[in-house]
Amino acid sequence: MPHSDLDATELEPLLPDQVTGQVTTVVDEADTAQTMGSGDVPVLSTPRVLALAEAATMAALTRRIPTRLSTVGIEATLRHVRAVPVGDRVIAKVVLRQRDGSRLTFDFSLTTAEADPVADGSIVRQLVDREDFLARVRGDAD
């Protein structure tokens, strides 16, 4: 997956504890376990929790990596501890915990607007050269 020509100097701004991101949303019907097929109750679904955490990692990396690069999710752990009804606001926050070459590990938390814990976990993303990655997906690579 990683591109062999990733230049470490291009990635110097990716320092643990200094790279953070956040996204906020109001839970709507499309976010519920009923709609997403992950349950039969009208509350924030676990798949949507993960999607929000992933979106926060992307927000953390915006303008921090060269435009020819992207990241792809390769691992996630998640603990979902509170049900959130439709209409409530939630906030996903991430912080880069570790960088191992082109592998980035983020810790995340999701809370209500009142700072009540909803979920937490970690997400690992792999830096890739966008064009090389897409060429491999299409089967164009050597």
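The part in question is the strand that holds Thr105. Where does Thr105 sit, which residues does Thr105 touch, and how does the strand pair with others?

Reply: This is a predicted model, so what follows describes a prediction.

Thr105 belongs to strand E4, which covers residues 103–112. Is Thr105 buried or exposed? Its relative accessible area is 9%, and because buried means under 20%, Thr105 counts as buried. Leaving aside residues up to four places away in sequence, Thr105 is in contact with Val95, Leu96, Arg97, Gln98, Ile123 and Val124.

On one side, E4 pairs with strand E3, residues 89–100. The two are antiparallel and share ten bridges. Two of the positions can be checked directly: Arg99 stands opposite Leu104 of E4, and Ala92 has Leu110 of E4 as its bridge partner. E3 and E4 form a hairpin with two residues between the strands, and there Gly101 adopts a positive phi near 65 degrees.

E4 also pairs with strand E5, residues 117–129. This pairing is antiparallel too, with nine bridges. Within it, Phe108 is bridged to Gly121 of E5, and Ser109 to Asp120 of E5. The hairpin of E4 and E5 has four residues between the strands, and Ala115 in that turn has a positive phi of about 75 degrees. For comparison, most residues other than glycine have a negative phi.

Two further residues carry a positive phi without being glycine. One is Asp17, at about 70 degrees, in the segment before strand E1 (20–26). Asp17 is exposed, at 60% relative accessibility. Another is Arg63, at about 65 degrees, in the loop between helix H2 (46–61) and E2. Arg63 is exposed as well, with a relative accessible area of 80%.

Back at the strands, E5 is itself largely enclosed by the rest of the structure, because eleven of its 13 residues are buried. One of the bridges links Leu69 to Asp129 of E5.

Put together, these pairings belong to an open sheet of five strands in the order E1-E3-E4-E5-E2, with antiparallel pairing. The edge strands are E1 and E2, each of which pairs on one side only. From one strand to the next, the twist averages 25 degrees. Helix H2 packs on this sheet and touches E1, E2, E3, E4 and E5. The direction of H2 makes about 135 degrees with that of E1. Helix H3, residues 130–138, lies across E2 and E5 and runs at about 90 degrees to E5.

In short, Thr105 is a buried residue of strand E4, and E4 stands between E3 and E5 in the order of the sheet.

Key:
Residues numbered from 1 in each chain as written. Predicted model: local features only at pLDDT ≥ 70, side-chain atom pairs only at ≥ 80, totals over all residues. Heavy atoms only, no water. Buried < 20%, exposed > 50% of the residue type's maximum accessible area, 1.4 Å probe, protein only. Contact = heavy atoms within 4.5 Å. Pairing = 2+ DSSP bridges. Axes fitted to C-alpha atoms, helices over the stretch in contact; angles between N-to-C directions.
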